[in-house]
Amino acid sequence: MALINYATREINCKIVYYGTGLGGKTTNLEYIFRQLAPGIRGEMISLATETERTLFFDFLPLDLGSVQGFKTKFSLYTVPGQVEYNASRKLILNGVDGIVFVGDSQRDKMQENIESLRNMEENLAEYGLTLDQVPYVLQYNKRDLPNINSFEELEAALNDRGVPSFEAVAVEGSGVFATLKAVSKAVLNRLS
Amino acid sequence: MNPVGKHLVLSAEAVETLRQFLQNLAQDCGALAVLTVDRGGQLIVACGDTAAMDTTSLAALITGTFGSTRAIAGHIGETNFKRMFQQGLSRSVYMTCLSTSDVLAVLFPNTVTVGRVKYRLEQSLDAIDQHIQKMYQSHQSPVQRHATPAAPKLNDLF
């Protein structure tokens with residue numbers, strides 16, 4: 001649910017990075033944080049455990065500047081991927097405008113990817129939403145590792161809607177901005 | 001509850017009216033600042049001494065902490081959880097849930113009692129709540145054609 005303020009001429013949108021535990025959601029935000037100038041991004045907030053696993057969420061505000069006379073701001077969130085933190089995932093999805101599903105390309109993670117995607121759909125349903133109503137894109141992360149599924153195998157298993165999908169090595173930044181750009185465009189398109 | 005999947009479009013007049021409500025509340029209870037935050041963590045309107053505050057991050061954290069505490073309430077069988085008080089040494093926060101599921105947060109110094117904040121808030125809460133309800137009901141039209149001109153801008157940024 002975007003917030004459009006005609007008094008300040010601002011548009012605020014919420015984008016959530018969803019996916020399995022240790023799939024690279026926080027790594028995406030950390031790379032974006034490092035690469036963008038401080039004028040474009042705010043401070044990154046991570047509510048994490050002592051072992052750096054996301055406990056509640058990561059948050060990174062972006063200020064895209066003026067677009068068509070409106071100051072456009074995105075709030076990027078990650079959810080905790082671990083199965084037991086579903087209550088937190090559900091909370092973070094509240095008011096979502098766009099989703100990046102970060103899939104782990106490793107062969108032994110395929111079932112977790114499928115379950116996480118299903119879990120995301122269930123949590124969206126709690127807010128009366130389906131994936132047809134929320135702009136979303138897929139990112140297949142960890143393409144540099146051995147024993148990974150092919151792009152075609154991942155598409156067949158995870159992308160039955162044919163949404164934009166991107167191969168990534170988030171730890172090196174590959175594919176990170178392509179993914180962000182795609183979801184940003186999809187969110188702004190939905191506002192039209 | 002506010003409508004699912006719809007955008008909250010705020011007119012300049014509606015924002016000004018809300019700002020006036022919040023400004024009056026801040027003055028009445030001696031608050032440092034008063035914020036309204038939507039259920040997704042976006043700041044709706046803030047007023048008071050917010051210049052030195054990162055209100056964007058504050059809004060995200062207020063929604064997160066209120067939402068998680070409400071979930072705790074649900075786990076212990078409490079279904080009517082609407083208020084939350086975070087007490088600090090020099091500054092405190094009193095939060096209340098609106099009928100739209102948005103959150104109103106009052107930040108105040110320790111020179112002000114929480115009782116005063118609660119009392120003043122209760123006096124103005126209905127009017128604020130009704131105004132925000134009207135904002136959701138009155139402005140659901142989509143914003144101007146926006147996405148296509150955004151594409152080159154996104155290409156530049158990312």
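1. In strand β5 of chain A, Thr72(A) is the bridge partner of Ile11(A), and on another strand Gly65(A) also stands opposite Thr72(A). This is a predicted model, and local features are taken from residues with a pLDDT of at least 70.

2. Strand β2 of chain A (residues 10-19) runs parallel to β5(A) and is joined to it by eight bridges, whereas strand β4 of chain A (residues 54-67) pairs with β5(A) in the antiparallel sense over nine bridges.

3. Is β5(A) enclosed or open to the outside? Of the nine residues of this strand (residues 70-78), eight are buried, so β5(A) is largely enclosed by the rest of the structure; the cut-off behind the word "buried" is 20 or more other C-beta atoms within 10 Å of the residue's own.

4. Arg9(A), with a phi of about 50°, is found in the loop between β1 and β2 of chain A, and it counts as partly exposed because it has 14 C-beta neighbours inside 10 Å. Asn147(A), with a phi of about 55°, lies in the loop between β7 (136-141) and α4 (151-158) of chain A, and it counts as exposed because it has 9 C-beta neighbours inside 10 Å.

5. Turning to the contact between the chains, 40 residues of chain A are in contact with 38 residues of chain B. On the side of chain A that touches chain B, the elements that give two or more residues are β1 (3-5), β2, β4, α2 (86-93) and α5 (176-191) of chain A, and the largest share, eight residues, comes from α5(A). By residue class, this side of chain A divides into 24 nonpolar, 12 polar and four charged residues.

6. Strand pairing also links the two chains. β1(A) pairs in the parallel sense with strand β1 of chain B (residues 8-10) over three bridges, and within this pairing Asn5(A) stands opposite Leu10(B).

Methods. Residues are numbered from 1 along each chain as its sequence is written. Chains are lettered from A and ligands numbered from 1 in the order in which they are written. This is a predicted model: local features need pLDDT of at least 70, side-chain atom pairs count only at pLDDT 80 or more; totals for chains, interfaces and linings use all residues. A residue is buried if 20 or more other C-beta atoms lie within 10 Å of its own, exposed if 12 or fewer, and partly exposed in between; C-beta atoms are placed from the backbone. Helices (H or I, at least four residues) and strands (E, at least two) are DSSP runs, numbered from the N terminus. Two strands pair if DSSP finds at least two bridges between them. Two residues are in contact if their C-beta atoms, placed from the backbone, lie within 7 Å. Ala, Val, Leu, Ile, Met, Phe, Trp, Tyr, Cys and Pro count as nonpolar, Asp, Glu, Lys and Arg as charged, and the others, Gly among them, as polar.
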